[in-house]
Amino acid sequence: RPIVANINYVGPDFLRVLGIAPVLGREFSATEGTSSRKAAIVNQNLALALWPNQSPIGQTVPIQGGKDSPVIIGITPNALFSDRDEPHFLFLAEQQDRERLTGQAGLFQSEETTFYVRYAGNLDAIAPAIRGAMRDVDERVPVINMRTMQIQLDRGHEGARTLAAFLSVFSAGSLMIAAMGQYAVVPF
C-alpha cells in the first residue's frame with residue numbers, strides 16, 4: 001500500500017550542517033546527482049514502514065509517477081524537518097533530475113531555495129558575509145529572509161503555543177469558578 005512521504009531536495013552536508021548524524025549509511029556527496037543511479041536518504045519512520053525487518057541500505061524506493069526508483073544510501077534519525085510534524089521523510093540529492101524521479105516537473109516545486117549555514121556567534125554579524133557570497137554567485141538572486149534555526153522552530157510552534165495559552169486561561173477561570181462554588185457549598 002502507498003505511504004505518503006514528504007520529499008525534500010537537499011545538498012551535500014545537509015545533515016551535518018543541521019548537526020544530525022546518519023543512523024545508518026552516509027550522507028549525499030557533492031557528485032551524487034551526476035551518476036546514473038539516483039540516491040535517497042530516508043528517516044527511520046519511513047525505513048521502518050517500508051522495510052520492517054530488513055536493512056533499508058541498498059533498497060530502492062518506488063515513487064508514484066516517477067520513472068526511476070532511487071537507492072537508499074542513508075537513514076536519518078526521526079527529527080522535525082518541517083514546520084509540521086510529518087512522520088515520513090524522503091531526501092533526494094538536489095542535483096538529481098526532479099521530473100525523472102517524481103514524474104512532476106515542478107508541480108509542487110517552489111522557486112525558493114533555502115540555504116542552511118552553520119556558524120558561531122550573532123546572525124547580524126554574519127548576515128553581510130552571507131549576502132555578499134550570494135551576490136558573488138548571482139547578483140540577481142535576492143536574499144529575502146534570513147533567520148536563526150531557533151526562530152524558525154519557534155514559528156512552527158506558534159499555533160500550539162497560542163492554543164495552550166488560551167486553554168490555560170480558560171482552565172484557570174474554570175478552576176476559580178469551581179473553587180468559589182465549593183466555598184459557597186461548604187458554609188451553606
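Which side chain does Asp13 meet in a salt bridge? The partner of Asp13 is Arg16, at 3.7 Å from N to O. A salt bridge here puts a side-chain nitrogen of Lys or Arg within 4 Å of a carboxyl oxygen of Asp or Glu. This is a predicted model: local features need pLDDT of at least 70, side-chain atom pairs count only at pLDDT 80 or more, and totals for chains, interfaces and linings use all residues. Residues are numbered from 1 along each chain as its sequence is written, and side-chain values use heavy atoms, with hydrogens and water left out.

**Salt bridges**
- The count comes to two salt bridges.
- Asp13 lies in the loop between strand 1 and helix 1 (14-18). Helices (H or I, at least four residues) and strands (E, at least two) are DSSP runs, numbered from the N terminus.
- Asp13 counts as partly exposed because its relative accessibility is 32%. Buried means under 20% relative accessible area, exposed over 50%, and partly exposed in between (1.4 Å probe, protein chains only).
- Arg16 is partly exposed too, at 48%.
- Asp138 forms a salt bridge with Arg140, with the closest N and O atoms 3.1 Å apart.
- Asp138 is partly exposed at 23%, whereas Arg140 is exposed at 70%.

**A backbone angle**
- Most residues other than glycine have a negative phi.
- Asp13 has a positive phi, near 65 degrees.

- Five strands form an open sheet in the order 1-5-3-4-2, with mixed pairing. Two strands pair if DSSP finds at least two bridges between them.
- Strand 1 (6-10) and strand 2 (24-25) are the edge strands, and each pairs on one side only.
- Strand 2 pairs with strand 4 (residues 71-76) in the antiparallel sense, over two bridges.
- Gly25 has Gly74 in strand 4 as its bridge partner.

**Ala40 in strand 3**
- Ala40 sits in strand 3 (residues 39-43).
- Ala40 counts as buried because its relative accessibility is 0%.
- Leaving out residues up to four places away in sequence, Ala40 touches several residues, including Phe28, Pro70, Gly74 and Phe91. Contact means heavy atoms within 4.5 Å.
- Ala40 and Pro70 are 30 residues apart along the chain, yet their C-alpha atoms are separated by 5.7 Å.

**Helix 4**
- Helix 4 (residues 123-137) has 15 residues.
- From first C-alpha to last, helix 4 reaches 21 Å, close to the 21 Å expected at 1.5 Å a residue. The expected span is 1.5 Å times one less than the number of residues.
- Buried residues in helix 4 are Leu123, Ala127, Ile130, Gly132 and Met134.
- At the start of helix 4, a side-chain oxygen of Asn122 comes to within 3.2 Å of the backbone nitrogen of Asp124.

How values were computed: A polar contact is a pair of N or O atoms within 3.5 Å; within protein, one must be able to donate a hydrogen and the other to accept it, and residues adjacent in sequence count only if both atoms are side-chain atoms.
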